[in-house]
Amino acid sequence: MDSLVLNAPAKINLALQVQKLRADGFHELKMIMQSISLADKIKLSKSSEGISLSSSSNELPLDNSNLAFKAAESFFSANQVEGGVEIYLEKNIPIAAGLAGGSADAAAVMRGLYKLFELEEQTAKVKSLLAQLGSDIPYCLHGGTVYATGRGEVLEQLPELDKKHLLVVTPAVKLATPTVYKQYDNLAAESEFNFEAILKNLKFEEKVNWSLDYKNDLQPAAESLCPQIKEVEELLKESGAEFTLLSGSGPSVFAVYPLAKQAEQAAKNWPRKTDFITAAETISSY
Ligand code: C5P
């Protein structure tokens with residue numbers, strides 16, 4: 001095998017609770033992560049030596065400050081293999097948007113390199129390499145519906161959700177994750193929502209009960225930095241969504257609709273022309 005193409009799916013958070021600020025500067029979290037059909041595409045081709053990166057996007061760095069590049073570096077330093085890799089990144093997931101686009105790319109590069117060089121992917125070792133690159137990246141290795149704790153790297157697979165029809169809207173504003181967490185600390189709000197009830201719902205019941213605390217503790221902080229989030233959420237509610245929430249540290253907001261055609265209709269009629277908007281659906285682990 002000389003080359004292969006992989007999907008790198010985005011994620012949304014169905015719930016995100018901040019527990020506390022840790023001594024290492026990270027926040028202890030409880031999250032429900034969910035993969036969606038919106039995805040970057042990555043082509044890996046074997047080369048004689050070194051790592052090179054190119055992309056359809058001119059907004060991304062193509063050197064070793066890019067997480068996809070870092071994942072390749074980590075693969076080659078952890079494994080004795082001959083040769084190098086050319087990475088092509090078709091970018092479809094908005095950047096710095098709360099959808100784990102960069103994390104998804106890094107995890108897909110790691111997964112792909114194990115396949116390309118025909119090495120057995122030892123999941124625990126790979127996850128520990130990925131955790132060094134970013135909190136969300138171990139989750140992005142296999143995705144699905146997952147309960148994540150720690151700083152986001154401690155993972156428990158949950159039963160697959162029945163397919164949800166979504167609209168994802170990203171205002172044309174980039175929100176840096178550390179800035180949102182800092183603002184969360186400044187606002188000093190107490191988190192009170194009942195995560196146990198959410199876990200019980202997802203583990204033992206057929207239907208998602210959206211009236212439980214499916215919330216995101218980062219939402220007030222993100223909204224204070226980007227007032228467009230509120231406006232987007234209002235419009236999504238008016239368009240017939242049964243549920244809306246900020247994803248991760250934002251500014252992406254997702255909406256759940258009872259029917260796919262409602263999501264498509266809402267996308268077609270979306271009034272804010274500068275937003276990135278896409279209909280999508282939840283997907284299972286890959
Ligand atoms: O791990 P990652 O590189 O994605 O984190 C980026 C930043 O987001 C961290 O430096 C930290 O400021 C914030 N963060 C946090 N707690 C987490 C995850 C991220 O405070 N659990």
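**Close-up 1. The loop that holds Pro 251.** Pro 251 is found in the loop between strand 8 (243-246) and strand 9 (253-257), where strands are DSSP runs of E with at least two residues and helices are DSSP runs of H or I with at least four, both numbered from the N terminus. The peptide bond that leads from Gly 250 to Pro 251 is cis, with omega near 5°. This is a predicted model, in which local features need pLDDT of at least 70 and side-chain atom pairs count only at pLDDT 80 or more, while totals for chains, interfaces and linings use all residues. Residues are numbered from 1 along each chain as its sequence is written, and side-chain values use heavy atoms, with hydrogens and water left out.

**Close-up 2. The surroundings of the ligand.** Gly 25, Phe 26, His 27, Leu 29, Gly 134, Ser 135, Arg 151, Thr 177, Pro 178 and Tyr 181 surround the ligand, each with a heavy atom within 4 Å of it. Among the polar contacts (pairs of N or O atoms within 3.5 Å), an N or O atom in the side chain of His 27 is 2.6 Å from an oxygen atom of the ligand, and a polar side-chain atom of Ser 135 lies 2.6 Å from an oxygen atom of the ligand. A polar backbone atom of Arg 151 is 3.0 Å from a nitrogen atom of the ligand. Of the 450 Å² of accessible area that the ligand has on its own, the protein covers 73%, as computed by the Shrake-Rupley method with a 1.4 Å probe.

**Close-up 3. The contact of helix 2 with helix 3.** The axes of helix 2 (residues 101-116) and helix 3 (residues 123-131) come within 11 Å and cross at roughly 145°, the axes being lines fitted to C-alpha atoms over the stretch in contact and the angles running from 0 to 180 degrees between N-to-C directions. Ala 106, Ala 107, Met 110 and Tyr 114 of helix 2 make the contact with Lys 125, Val 126, Leu 129 and Leu 130 of helix 3, contact meaning heavy atoms within 4.5 Å.

Note on methods: A polar contact is a pair of N or O atoms within 3.5 Å; within protein, one must be able to donate a hydrogen and the other to accept it, and residues adjacent in sequence count only if both atoms are side-chain atoms.
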